[in-house]
Every structure is written in C-alpha cells, then in structure tokens.
Amino acid sequence: KLSPRRLGISYRSTRPRTISPKCARTLSAWLTPDRVRAHFGEIVRGRVERYEIPNLRGLNFILHDALGGGGSASLKTDAQGKTHGMAMLRMLVEVPDDYAPPAVGPSGPLAPGGEL
C-alpha cells in the first residue's frame, strides 16, 4: 500500500458566499499538483492528484506515498499525516499586484505581525 493522503483546500470565508471569484481563480491557478508536490518536498514520494470541487468551493489533493505505509507500518513520526494540513497553510501563494484582500477585522486583512 502506498499510503495516499487526502488534503482539502476550501475557498470559503467566514461569511457565506463572500469569497471573490478573483481569489478563487488565483488559488486554483497557483495550487497545481506540481507546486504542491514541490512544497512538500521529500514528504511526498509519489504523484499528486488534484480534483476541483466547485460546489464546495475548493480543491482536493491526493498525495501518493506520503505516509510511509501509514499507521503502525510507518516509521514516520506523523504516520497519519495530521500535520499535512498545517504544512499546506505555510505554502506561499503569489497574488496579482492588483488583488485587494477584504477587510476581515480591526487590522484589516493583516495578521497581528503586519503580514498579509
């Protein structure tokens, strides 16, 4: 068994139906199987498949051979791949210069440290 790991990305915001079409297009164009595989480096030893899920406003990735056998068959410290979602959140995404993120709190779109 090559231990595939599923990883979902949602375009949804905290407010229903507020995600901009431009944001969805940007994420869809940037998050390719090749880029996701490169982001995970040696963690993913097989291919990466991507499936669009338009009705849920998101993408589903299958990372093949990412768990080293999975469960008790693996010598990896994260044999179930629980940290893959957090690792995906650290992936840098290039956005167009004219993209204006929505204001989402008292500091707008910026995180407390000032980063976007």
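Trainee: Which residue in E3 is the bridge partner of Arg50?

Mentor: Phe61 is the partner of Arg50 in E3. Keep in mind that this is a predicted model. Leu7 also has Phe61 as its bridge partner in E3.

Trainee: What makes E2 and E3 count as paired strands?

Mentor: Count the bridges. Two strands need at least two bridges to pair. E2 and strand E3 (residues 58-63) have 6 bridges, so they count as paired, in the antiparallel sense. Another bridge partner in E3 is Leu59, which goes with Glu52.

Trainee: And what makes E1 and E3 a pair?

Mentor: Apply the cut-off again. At least two bridges are needed. E1 and E3 are joined by 6 bridges, so they pair too. They run antiparallel.

Trainee: What holds paired strands together in general?

Mentor: Strands of a sheet pair through backbone hydrogen bonds. The pairing can be parallel or antiparallel.

Trainee: In what order do the 3 strands lie in the sheet?

Mentor: The order is E1-E3-E2, in an open sheet with antiparallel pairing.

Trainee: Why is E3 described as largely enclosed?

Mentor: 6 of the 6 residues of E3 are buried, so the rest of the structure largely encloses this strand. Gly58, Asn60 and Ile62 are buried on one side. Leu59, Phe61 and Leu63 are buried on the other. In a regular strand, side chains alternate between the two faces of the sheet.

Trainee: Why is Ser28 called buried?

Mentor: Set the value against the cut-off. Buried means under 20% relative accessible area. Ser28 has 16%, so Ser28 is buried. Ser28 lies in helix H1. Beyond its neighbours within four places in sequence, Ser28 is in contact with Tyr11, Arg50, Glu52 and Leu59.

Trainee: Which other residues of H1 are buried, and what covers them?

Mentor: In helix H1 (residues 21-30), the buried ones include Cys23, Ala24, Thr26, Leu27 and Trp30. Their cover includes helix H2 (33-40), E2 and E3.

Trainee: Why does Tyr11 count as buried?

Mentor: The relative accessibility of Tyr11 is 8%, and the cut-off is under 20%, so Tyr11 is buried. Tyr11 sits in the loop between E1 and H1. Its C-alpha atom is 7.9 Å from that of Cys23, 12 residues away in sequence.

Trainee: Why is Gly85 called partly exposed?

Mentor: Partly exposed falls between buried, under 20%, and exposed, over 50%. Gly85 has a relative accessible area of 27%, so it is partly exposed. Gly85 belongs to helix H3 (residues 84-89). Gly85 and Gly8 are 77 residues apart along the chain, yet their C-alpha atoms are separated by 8.0 Å.

Trainee: How many aromatic pairs does the whole structure have?

Mentor: The search finds 0.

Trainee: What does the whole protein look like, element by element?

Mentor: From the N terminus on, the elements run β-α-α-β-β-α. That covers 3 helices and 3 strands. The protein has 116 residues, and 29% count as buried. Its accessible surface comes to about 8100 Å², with 56% belonging to carbon and sulfur atoms.

Note on methods
Residues numbered from 1 in each chain as written. Predicted model: local features only at pLDDT ≥ 70, side-chain atom pairs only at ≥ 80, totals over all residues. Heavy atoms only, no water. Phe/Tyr/Trp six-rings, centres within 6.5 Å; stacked < 30°, edge-to-face > 60°. Helix = DSSP H or I, 4+ residues; strand = E, 2+ residues; numbered from the N terminus. Buried < 20%, exposed > 50% of the residue type's maximum accessible area, 1.4 Å probe, protein only. Areas by Shrake-Rupley, 256 points an atom, 1.4 Å probe, with all protein chains shown as cover. Contact = heavy atoms within 4.5 Å.
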